[in-house]
Amino acid sequence: MLTLTSRNPLKSKAEMLVILVCDTKPLYENKALADLVKKAFSFKEFTGKAGEELVFADPPDANSRRIVFRGLGTLGKVRPENLRRAAGAMVKKAVEWNIGNMTFAVPDARILKMDVAILLTAMIEGARLANYVFETYLEKKKKKKVERIYLATERELVKDHGDLVERVNRICDACLLARTWVSMPANDKTPMVFAGILKNLFAETTVTCRIYPEEDLLAMKFGAMLSVAKGSLNKPALVVMDHNPKNLKDKGKTVVLVGKGVTFDSGGLDLKTAEGMVTMKMDMAGAAAVAAAVYALSGLVQDTRIVGIASLVENMPSGDALRPGDIVRSYSGKSIEIGNTDAEGRLILADALSWAADTFQPDLMIDLATLTGACMVALGDKIAGLFTKDLALARAMQISGEKSGDECWPMPMPEDYKDLLKSDFADIRNMSSGKWGGAITAALFLSEFVRETRWAHLDIAGPAYSAKGSDICPPGGTGFGVRLLCELISGKTSLALS
Ligand code: BES
Ligand code: MN
Ligand code: ZN
């Protein structure tokens with residue numbers, strides 16, 4: 001629970017009061033708070049540098065049990081991401097200390113020269129996203145979430161930002177859902193089981209959720225997706241989550257979101273190494289982000305139809321498994337030669353993308369996929385690869401990424417690299433004949449299956465999962481993409497779908 005309050009932070013009886021500090025002057029116009037910051041500065045070890053902390057226990061000048069001062073860095077250089085991390089780090093600390101309730105003294109937007117809505121959003125996101133533990137599988141629980149978090153600010157701001165708090169809370173709820181699904185072990189989220197989890201989630205909402213099991217996929221001629229699925233005893237499923245608001249006039253646009261949902265990627269017969277396989281329960285992070293985004297957006301957007309599609313399969317080796325050299329026929333009609341069974345993501349996406357293009361004729365289609373290790377080589381594990389030939393869309397997505405904290409960076413899609421996907425025997429091959437540019441050739445492969453649709457692909461192989469964790473996220477799934485999609489589709493700079 002996170003609430004905005006106009007209570008004086010120094011009167012708050014919280015177990016922990018957080019005061020944010022920059023290097024030169026107090027970030028609070030409130031004199032008592034400013035005086036406290038000056039007192040903190042009298043300790044030479046505390047200068048307000050980013051990441052610095054100072055604790056006052058049983059402070060005489062406040063009603064809370066402790067005050068934690070947290071450095072934000074140089075005044076004038078503070079970005080929303082710094083606030084997100086600072087708020088996150090403090091909540092993380094509170095979780096470690098087993099604290100039940102805490103209050104943040106919200107800095108003055110004027111002093112930070114930051115838009116109030118942006119400042120509040122960043123602080124709420126940091127606090128909410130850090131207030132998360134995944135201990136489903138522990139016999140003895142170790143940590144507890146902070147029960148109540150208050151952001152103390154001016155009365156006017158509390159009055160004006162009720163909708164903002166509700167919106168950001170909803171987006172964070174969705175992000176945490178996606179994390180949990182990604183962190184869950186593959187034995188508890190086989191495709192039909194995960195499909196059932198989504199069905200249950202949407203049963204209580206206005207979103208229509210339909211599961212297409214194997215028989216349907218056969219009838220729908222999803223040859224590429226089924227070829228990946230056949231090596232596993234766990235049957236595949238396509239989940240379609242349709243947010244189709246009532247009274248949508250003709251001018252209502254349709255957005256389709258497609259997510260790669262490989263619930264476990266062993267590589268298939270082209271088996272991964274032990275090291276390469278160990279985190280491959282996360283290979284459904286695209287599907288998780290898409291489902292969670294539809295969940296959040298269904299409460300935020302009433303003038304657009306939003307269809308989420310989760311393509312769920314398990315990629316396993318067996319006597320029935322897809323072989324290198326096999327040729328499969330995709331839904332689109334194109335035949336695909338299998339160069340490598342570990343390039344399975346593009347196979348399941350190919351069918352989902354062309355089927356979605358035909359079925360929904362969307363004005364915009366975006367897919368999210370943990371598609372290539374090559375993308376991690378290019379951009380590291382924080383930034384997603386953004387592939388689209390539509391420059392306006394690229395710009396809108398990059399800005400949404402930056403605003404939301406789900407960063408992505410545009411990558412090229414050179415036409416002539418398509419030669420690398422030529423097959424001697426089929427219309428296209430699922431693997432490049434070259435060694436380099438694997439994220440690009442994967443995106444080019446997908447581009448062959450989107451018909452004429454306005455489309456972008458996000459390769460989230462890097463940022464979808466964090467082995468180490470961060471200030472706002474424990475190790476495991478990160479929920480990457482949920483915030484970006486929500487910002488793009490429902491945010492203020494939202495893309496004009498014209
Ligand atoms: N799921 C993997 C990509 C991946 C790797 C995601 C590491 C997250 C972390 C994908 O299915 C895959 O195996 N890609 C291959 C493609 C290659 C065989 C053309 C890769 O990147 O090596
Ligand atoms: Mn693979
Ligand atoms: Zn994969």
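Trainee: Which class does the site of the manganese ion (ligand 2) fall into, given its 6 donor atoms?

Mentor: This is a predicted model, in which local features need pLDDT of at least 70, side-chain atom pairs count only at pLDDT 80 or more, and totals for chains, interfaces and linings use all residues. Residues are numbered from 1 along each chain as its sequence is written, chains are lettered from A and ligands numbered from 1 in the order in which they are written, and side-chain values use heavy atoms, without hydrogens and water. Six donors count as octahedral if opposite donors are over 155 degrees apart and all others between 65 and 115; four are tetrahedral if all angles lie between 85 and 135 degrees, or square planar under the rule used for six, and anything else is irregular. With angles of 70 to 168 degrees among its 6 donor atoms, the site of the manganese ion (ligand 2) is irregular.

Trainee: Which residues coordinate the manganese ion (ligand 2)?

Mentor: Donors are N, O and S atoms within 2.8 Å of the metal (3.2 Å for Na, K and Ca), and sites may look incomplete because water is not among the atoms. The donor residues follow the spacing D-x76-D-x1-E in sequence. At 2.0 to 2.2 Å, the coordinating residues are Asp-265 (OD), Asp-342 (O and OD) and Glu-344 (OE).

Trainee: Which residue bridges the manganese ion (ligand 2) and the zinc ion (ligand 3)?

Mentor: The two ions lie 3.2 Å apart. The residue that bridges them is Asp-265.

Trainee: Is Glu-344 buried or exposed?

Mentor: Buried means under 20% relative accessible area, exposed over 50%, and partly exposed in between (1.4 Å probe, protein chains only). Asp-342, at 24%, is partly exposed. Glu-344 has a relative accessible area of 0% and is buried.

Trainee: How many residues apart in sequence are the parts that Arg-305 and Asp-242 tie together?

Mentor: These residues form a salt bridge, with the closest N and O atoms 2.6 Å apart; the term means a side-chain nitrogen of Lys or Arg within 4 Å of a carboxyl oxygen of Asp or Glu. Both Arg-305 and Asp-242 are buried. Strands here are DSSP runs (E, at least two residues), as helices are (H or I, at least four), numbered from the N terminus. Arg-305 lies in strand 10 (residues 304-315) and Asp-242 in strand 8 (residues 237-243), so the separation of the parts in sequence is 63 residues.

Trainee: How many salt bridges are found in the whole structure?

Mentor: One network of salt bridges links Glu-81, Arg-84, Arg-85, Glu-125, Asp-406 and Arg-483. For the whole structure, the search finds 32.
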